[in-house]
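Have the model open and try each task before you read on.

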Amino acid sequence: MRIGIRMLMVALLLVCSGAAAKGKDVTPQFKTAEAKHFTQAEGVELSPAFGDYFYAELREELKKAKLAGEVIGEGETVDDADAPQSIFITGTITEYKKGSVVKSTLIGFGAGMRSLKMDADVLRRSDNQHLSVVHVHVKIDPRWNEKTMAKFAAHQMVKEIKESMKNQAK
Amino acid sequence: MTSSVRFNICLLLSVFFLLFHAAAAGQDPKPKPENTISAHLGEPVPAQKFANPPKFWISDVIDRSGNPQPMLVLKERGGIFLDRQPTVIVREALEESLKAANLLATDANSADLVLKIYLFQFGLSQGSQLDFFGKVEFTVMVKNPKSGESLEVKAAGTSIAKTAMLKKNIQKNVQDDVEESLRDAVRNFLHGQQLKDAVGVLRKSMNAAPVTTPNP
């Protein structure tokens with residue numbers, strides 16, 4: 001009986017703490033954030049569909065991260081008053097290695113992995129000042145398609161941007 | 001004896017299942033009320049503020065996707081269809097938003113700028129197998145009917161929605177994804193810097209164009 005009451009109290013405590021955490025509103029650091037299509041460095045052989053998909057994923061991740069109040073599309077206008085508190089993200093895919101299924105199967109331990117390197121700049125909209133530079137390196141299994149790689153890369157990129165912004169704010 | 005009977009039953013069942021599956025896979029999905037979705041914009045998208053607001057008129061929406069089945073959104077799982085042509089959906093979405101912003105002319109003659117829309121993509125695009133990737137892409141030729149000058153404005157909208165196991169949930173997620181990408185594309189057009197620049201240039205040329213007076 002006592003154990004049952006204790007369990008019930010613990011469960012109630014957990015539910016209450018969860019509700020309190022959910023109720024906390026995180027104020028976004030910026031008013032608007034714009035992601036641009038990333039350019040590809042010479043020698044990078046990725047399909048044009050990859051660029052579109054990565055752009056869409058990056059926007060979704062920015063929305064989830066709540067870095068800005070609004071995530072706008074490429075080429076959209078922003079009110080002059082909001083421009084100093086708005087950012088845009090540009091970047092370049094610097095390296096892409098297709099990987100090898102044979103190497104990955106026979107050797108393992110990370111050999112033959114599909115790899116993608118990209119650099120991104122976070123700039124302030126009003127004066128184009130660099131706020132942060134982020135380098136991302138993603139490695140995935142060569143059997144997975146490039147869209148899955150875009151998903152991982154976008155997630156990693158937003159995570160790093162958020163961390164660097166947090167460090168700057170400190 | 002019993003084990004061989006069981007084996008034969010299992011074999012027969014698996015053969016029937018394979019035959020049924022092959023027959024089903026060979027057929028193209030057909031639109032039915034239960035696999036048809038209705039994509040709407042919902043609330044109109046607010047437009048950007050213009051210094052001297054023009055009146056727009058949509059003359060044509062032309063499908064340039066090259067898709068032989070533009071109303072088929074998803075082929076798998078018995079198919080998911082749109083209830084109207086994508087060109088109709090895009091026209092309706094743009095007209096609703098322009099009307100809400102008081103930027104829609106009553107007819108073609110009273111319009112300051114005429115829009116001709118070329119739709120390149122509407123619906124789902126190829127994404128990762130983990131989600132649905134909605135994409136709407138169109139180009140608008142903004143024409144000043146008085147001077148005859150026209151400029152091109154591009155707009156695109158994307159959305160990513162989770163996939164699902166049940167057909168009902170797949171249908172719901174696809175509908176949400178298509179609607180969200182449509183909203184994103186309309187917003188991209190109405191808030192775009194390209195539209196702002198085009199309106200500025202075309203209005204200037206309209207003001208500069210000599211006014212023709214009819215001869216008595």
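A quick definition before we start: two strands count as paired if DSSP finds at least two bridges between them. Keep in mind that this is a predicted model.

**Exercise 1.** Work out the strand order of the open sheet in chain B, and find which strands stand at its edges.

*Solution.* Start with the pairing: 4 strands line up as β2-β5-β6-β7 in chain B, and the pairing is mixed. Next, look at the ends of that order. β2 (56-63) and β7 (150-162) of chain B each have a single partner strand, so one side of each has no neighbour in the sheet.

**Exercise 2.** Trace how β6(B) is joined to β7(B).

*Solution.* Strand β6(B), residues 131-143, runs antiparallel to β7(B), and 13 bridges join the two. Now pick out some opposite residues: Lys143(B) faces Ser150(B) in β7(B), while Val136(B) faces Gly157(B). Then go to the hairpin, with its 6 residues between the strands, where Gly148(B) takes a positive phi near 85 degrees.

**Exercise 3.** Which helices lie across or pack on these strands?

*Solution.* Take chain A to begin with: its helix α2 (residues 48-65) lies across β6 and β7 of chain B, at about 65 degrees to β7(B). Then turn to chain B, where helix α3 (residues 167-190) packs on the sheet and touches β5 (113-125), β6 and β7. The direction of α3(B) makes about 150 degrees with that of β7(B).

Note on methods. Residues numbered from 1 in each chain as written. Chains lettered and ligands numbered in written order. Predicted model: local features only at pLDDT ≥ 70, side-chain atom pairs only at ≥ 80, totals over all residues. Contact = placed C-beta atoms within 7 Å. Axes fitted to C-alpha atoms, helices over the stretch in contact; angles between N-to-C directions.
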